[in-house]
Amino acid sequence: MVSIQQQLQKIKKENRLGIMTHIVVGYPSLKESEKIIQTMADAGVDFIELQIPFSDPMADGPTIMQANRHALQNKTKVKDAFGLMKKMSGKISIPLLFMGYFNTIFNYGVERFCREAMECGCSGLIFPDIPLEEEAKEHFLKFAKKYNLSNIRVLSPASTPERIKKNAEVADGFLYFVGRKGTTGAKTKLDEALNCNLEKIKKYVKIPVAVGFGISETKHIKSLIGKAEVAVIGSAVLDRYAKAGIGKELEGVKKFLKLLINSASYKKPTR
Amino acid sequence: MKNIFLKTQYDADKRGHFKKYGGRYVPEMLIPALENLEKSYYEARKDPKFTQELMELFQNYSGRPTPLYFAKNFSEHLGGAKIFLKQEGLNHTGAHKINHCLGQALLALRMGKTRLIAETGAGQHGLATATVAAKFGMKCTVYMGKVDYERQRPNVFWMERLGAEVIPVMHGTQRLKDAVTATLQDWIANVDDTHYLLGSALGPHPYPSMVRDFQTIVGLEVKQQLKENYGINKPDVIIACVGGGSNAIGIFNPYLEDKNVRLIGVEAGGKGIGTVGNHAARLQKNPKVGVVEGYKSYFLQDKDGQVQNTHSISAGLDYAGIGPEHALLWEKKRVEYNYVVDKEVIEAFNLLARKEGIIAALESCHAVAYAMKLAPKLSSKKNIVINLSGRGDKDIFIVADALKDKKWKEFIKNKSREKN
């Protein structure tokens, strides 16, 4: 399995924007999650977030919230997420990350969670609700580091230069920038202030930047070329999955992702 | 002028930690807004003009001080300690919630915000928020779990009359906690012009401390009224219901340092605390610490940390978490936390109505129900103060249902048959 660093270098070498996609473990079922991950990897994405479902996902919009709820109704457990991580990290070569909410880690035990995540082949952690100020009590950064997990910091357009600097100091792998204010969810128009905000972030952040929230069309991807290193496609994939005809879901996801991936190259397409 | 900004050994540190509880566990996008709020809260604390303005609003708008009433009939009926009722239900809008709404609205104005948003359970906090929004000419959106939205229709109706937009929250358990999540999400999206007027002493720092301070007026008045009106130096027992814990912390706060005053918080036992989903008693059986909705405290949650369903006859106590200062007060054994079940609450409601002519909110009736158990065990020389946090008008449908009132049912049927 390649590391986050290696994958980022590969993206750079290939002169393109990287693509990170997202699934909710157990949505629509554990078995289907497995197939979706495989489909995403086959389509050629660079990273996949495996979201551990949580009852109160405060940073997620309606699509992903609904998926969380569905997964919990399916009785998806934290250990299922570890199981899926282990299975898929053995099958595919791109880095897989856990995304979720801190209560999951806190209940599991911070060190135990990080250790078992590493053992299952997880490369990084995206947990937006554990700010740096709580580190002294939780030791989240410490244990992520100890077990070689990239701690992906999440910043937003509301972040002040001071906050950006603070997070940049501990950010590892890449930085996750929330492209617009608000929760996750596909929007047709990206935040107009995105460019200006990205410049603000880039001033302090020296590692690659992934931009998420709201990316659902090739024109969104194109608008990021040269400005960020990775585009995150979250709820748009879930929406696509839900809209595809029965039995054609995976095919729909693959087609959609291929389209987006093809638009991520720096080189102008030949006509 | 009263100083509502007290110092006790149970206060949070600079980062909002009540020892191991509290804190600020939120996504980065909310941090600047919370830092801004914290700054203006600390500035307001030091500004006598702020307190003065708030006190004037308390008096002239809300009708403070609310009476401290000696419930003689009720006490004699129970045959034991003397029971005093702090009549927060006589506030404008009918509950203690107006206290922290006025305080936060003044802060929002100081910060230049033009829109207030709030979560609400019973609807009392939403009503109070809509009220202050109307008064100060601010826009207002209130989120309410769909279950509460349906069972508290009268409050929804009044909020709308006050110009607020009320949005039923369809996700999760469709109760208070889901309304909190929805409000946080609105705030994340509209943080520039919006203040989240949080309705209890919980959530990320500085809310638990700030809401407590705005509610402390309740305990301060009790202190003064006991002395001036009844010649009582201090009460022996104070009882308050605890959902998130705003009314309880408000009446407890001035007494926290006085160990001779026994403080009792009463949780919602619902249909019984033996079954998950049937109650909202967080501190009764093996309480479990978690980090939810921006703060660390005790939550009803499963092994994986998934927040569990709750039930209470009173929407205002139907909540899986408890304010972080209460978590500390429980750990330090400074406050006792007990529970009563729905059935006892209805009995308390009936008895208080019959004996004193007071229709109390079902939330507050939890405290009354516990006092009914405790008072007969104490001598008539002992004094109990109950924080009667709200009045019960809003609960007319629920109480009528619980009492299986046939005439009421008929009335509803006839009403629905009426042609427009």
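## Basis of the model

Residues are numbered from 1 along each chain as its sequence is written, chains are lettered from A and ligands numbered from 1 in the order in which they are written. Because the model is predicted, local features need pLDDT of at least 70 and side-chain atom pairs count only at pLDDT 80 or more, while totals for chains, interfaces and linings use all residues; side-chain values use heavy atoms, with hydrogens and water left out.

## The interface of chains A and B

Contact (heavy atoms within 4.5 Å) joins 38 residues of chain A to 41 residues of chain B. The buried area, which is the accessible area (1.4 Å probe) that two parts lose on being put together, summed over both, is about 3,200 Å² between chain A and chain B. Carbon and sulfur atoms give 53% of that area.

Across this interface there are 21 residue pairs in polar contact, both residues being at pLDDT 80 or more. A polar contact is a pair of N or O atoms within 3.5 Å; within protein, one must be able to donate a hydrogen and the other to accept it, and residues adjacent in sequence count only if both atoms are side-chain atoms. On the side of chain A that touches chain B, the elements giving two or more residues are helix H3 (62-73), helix H5 (102-108), helix H7 (135-138), strand S6 (154-155) and helix H9 (161-170) of chain A. Helices (H or I, at least four residues) and strands (E, at least two) are DSSP runs, numbered from the N terminus. H5(A) gives the most to this side, with 5 residues. By class, the side of chain A that touches chain B has 17 nonpolar, 10 polar and 11 charged residues. In this count Ala, Val, Leu, Ile, Met, Phe, Trp, Tyr, Cys and Pro are nonpolar, Asp, Glu, Lys and Arg are charged, and the others, Gly among them, are polar.

## Salt bridges

A salt bridge is a side-chain nitrogen of Lys or Arg within 4 Å of a carboxyl oxygen of Asp or Glu. Over all chains the count is 42, and across the interface of chain A and chain B it is 4. Asp56(A) and Lys177(B) form a salt bridge with an N to O distance of 3.1 Å. A network of salt bridges links Glu133(A), Arg163(A), Lys166(A), Glu28(B) and Glu35(B).

Within chain B, Asp258(B) and Lys234(B) meet at 2.8 Å, N to O. This pair links distant parts of the chain, 24 residues apart: Asp258(B) is in the loop between helix H10 (246-252) and strand S10 (262-268), and Lys234(B) in the loop between helix H9 (207-230) and strand S9 (237-241). Another salt bridge joins Arg262(B) to Glu336(B), with the closest N and O atoms 2.6 Å apart. Arg262(B) lies in strand S10 and Glu336(B) in strand S13 (residues 335-340) of chain B, so the pair ties together parts that are 74 residues apart in sequence.

Glu76(B) and Lys72(B) form a salt bridge at 3.5 Å. These two residues are 4 residues apart in helix H3 (residues 72-78) of chain B, and therefore about one helical turn separates them. Glu76(B) is exposed at 54% relative accessibility, and Lys72(B) is partly exposed at 44%. Buried means under 20% relative accessible area, exposed over 50%, and partly exposed in between (1.4 Å probe, protein chains only).

## Helix H15 of chain B

H15(B) has 12 residues, 406-417. H15(B) is hardly covered, with 1 buried residue among its 12. At its N-terminal end, Asp405(B) is the cap, with a side-chain oxygen 3.3 Å from the backbone nitrogen of Lys407(B).

## Two buried residues

Ile31(B) is in helix H1 (residues 31-46) of chain B and is buried, with a relative accessible area of 1%. Not counting residues up to four places away in sequence, Ile31(B) touches Pro131(A), Glu133(A), Arg163(A), Arg24(B) and Val26(B).

His279(B) is in the loop between S10 and strand S11 (289-292) of chain B and is buried at 8% relative accessibility. A polar atom of the His279(B) side chain lies 2.9 Å from the backbone nitrogen of Ala281(B). Leaving aside neighbours within four places in sequence, the contacts of His279(B) include Ala268(B), Leu300(B) and His311(B).

Terms used:
Expected span 1.5 Å × (residues − 1).
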